[in-house]
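Please look over the model shown below, with its sequence, before reading the notes that follow. They are grouped by topic.

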Amino acid sequence: MSNLDSFLQRNKSFAAQQSAAGTLMPSLPSAMPDVKAFIIGCADMRVDPADVLGIKPGEAVVLRNIGGRITPVLLEEMGLLGRIGQVAGGIPGGGGEVHLIVLQHTDCGITRLTGDPDKLAHYFQVPEAQLKAKAVTDPRAAVAADVALLQTIPLLPGQWLLSGLVYDVATGLVEVVVPPAPIRAA
Ligand SMILES: [Zn+2]
């Protein structure tokens, strides 16, 4: 049996459970006020927010890339997600509290890319001379830098809460490095 066969079997169980529980969402929510959290995380298989934070289906929009970093590509995706919400008939998080969470982690694979500054600079779309500010070897400094960057992005609703977390792969615990606060002061 291939991995895919195993995954498809689990999918049948998932579909049966969700259907029985009435928790399937056959259409996109008309607005995204149901969305309580927006999580930016790393693609690393050890740090799936569904495991680490117990995120359940329908609870959060999750975007994952290398490092869980704020890059121009990620910001473009966030902009398009906002547009999808508008086209679907609402303002993302309209009225409700949305928590934007940046979730990075220790022992991240991105730290193995420090020997490829050209590739990292391209990833972040910054000159190589500015890579130091991205703090790729220090997840606490990196998550703080990315939270600070998000605070400068006008497309994000100022009232959303923003926080920065670092997951320790050795202990399984998440540390709140940047406590939740509105993205911009009212
Ligand atoms: Zn990682």
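Is Asp-48 buried, partly exposed or exposed? With a relative accessibility of 25%, Asp-48 counts as partly exposed, where buried stands for under 20% relative accessible area, exposed for over 50%, and partly exposed for what lies in between, using a 1.4 Å probe and protein chains only. This is a predicted model, in which local features need a pLDDT of at least 70 and side-chain atom pairs count only at pLDDT 80 or more, while totals for chains, interfaces and linings use all residues. Residues are numbered from 1 along each chain as its sequence is written, and side-chain values use heavy atoms, with hydrogens and water left out.

**Zinc site**

- The zinc ion is coordinated by Cys-42 through SG, His-105 through NE2 and Cys-108 through SG, at 2.0 to 2.2 Å; donors are N, O and S atoms within 2.8 Å of the metal (3.2 Å for Na, K and Ca), and since water is not among the atoms, sites may look incomplete.
- Along the chain, the donors of the zinc ion follow the spacing C-x62-H-x2-C.
- Cys-42 in strand β1 (residues 37-42) and Cys-108 in the loop between β3 (99-105) and α4 (117-124) are 66 residues apart, a pair that links distant parts of the chain; helices (H or I, at least four residues) and strands (E, at least two) are DSSP runs, numbered from the N terminus.
- Cys-42 counts as buried at 5% relative accessibility, and Cys-108 counts as buried at 5% as well.

**Salt bridges**

- The structure holds 7 salt bridges, each defined as a side-chain nitrogen of Lys or Arg within 4 Å of a carboxyl oxygen of Asp or Glu.
- One of them joins Arg-46 to Asp-107, with the closest N and O atoms 2.9 Å apart; because Arg-46 lies in the loop between β1 and α2 (49-52) and Asp-107 in the loop between β3 and α4, the pair ties together parts that are 61 residues apart in sequence.
- Arg-46 is partly exposed, with a relative accessible area of 34%, and Asp-107 is partly exposed, with a relative accessible area of 40%.
- Asp-48 takes part in a salt bridge with Arg-64, where the closest N and O atoms are 3.7 Å apart; Arg-64 in strand β2 (residues 60-65) and Asp-48 in the loop between β1 and α2 are 16 residues apart, and the pair links distant parts of the chain.
- Arg-64 counts as partly exposed, at 31% relative accessibility.
- Asp-107 also meets Arg-112 in a salt bridge between their side chains, at 3.1 Å from N to O, and salt bridges that share partners join Asp-44, Arg-46, Asp-107 and Arg-112 into one network.
- Arg-112 counts as exposed, at 53% relative accessibility.

**A buried lysine without a partner**

- Lys-134, in the loop between α4 and α5 (139-150), is buried yet has no salt bridge, and the nearest side chain of opposite charge, that of Asp-146, is 5.0 Å away; Lys and Arg count as positive and Asp and Glu as negative, while His and the chain ends are not counted.
- Leaving aside residues up to four places away in sequence, Lys-134 touches Arg-69, Phe-124, Val-126, Ala-142 and Leu-149, where contact means heavy atoms within 4.5 Å.

**Backbone angles**

- Most residues other than glycine have a negative phi.
- Asp-107 has a positive phi of about 55° although it is not a glycine.
- Gln-125, in the loop between α4 and α5, likewise has a positive phi of about 55° without being a glycine, and Gln-125 is exposed, with a relative accessible area of 51%.

**Distances along the chain and in space**

- Val-98, in the loop between α3 (72-87) and β3, counts as buried at 2% relative accessibility; Val-98 and Gly-115 are 17 residues apart in sequence and 37 Å apart in space, C-alpha to C-alpha.
- Leu-155, in the loop between α5 and β4 (161-167), is partly exposed, with a relative accessible area of 48%.
- The C-alpha atoms of Leu-155 and Leu-75 are separated by 9.4 Å, although the residues are 80 apart along the chain, and Leu-155 touches Leu-75 and Gly-79, not counting residues up to four places away in sequence.
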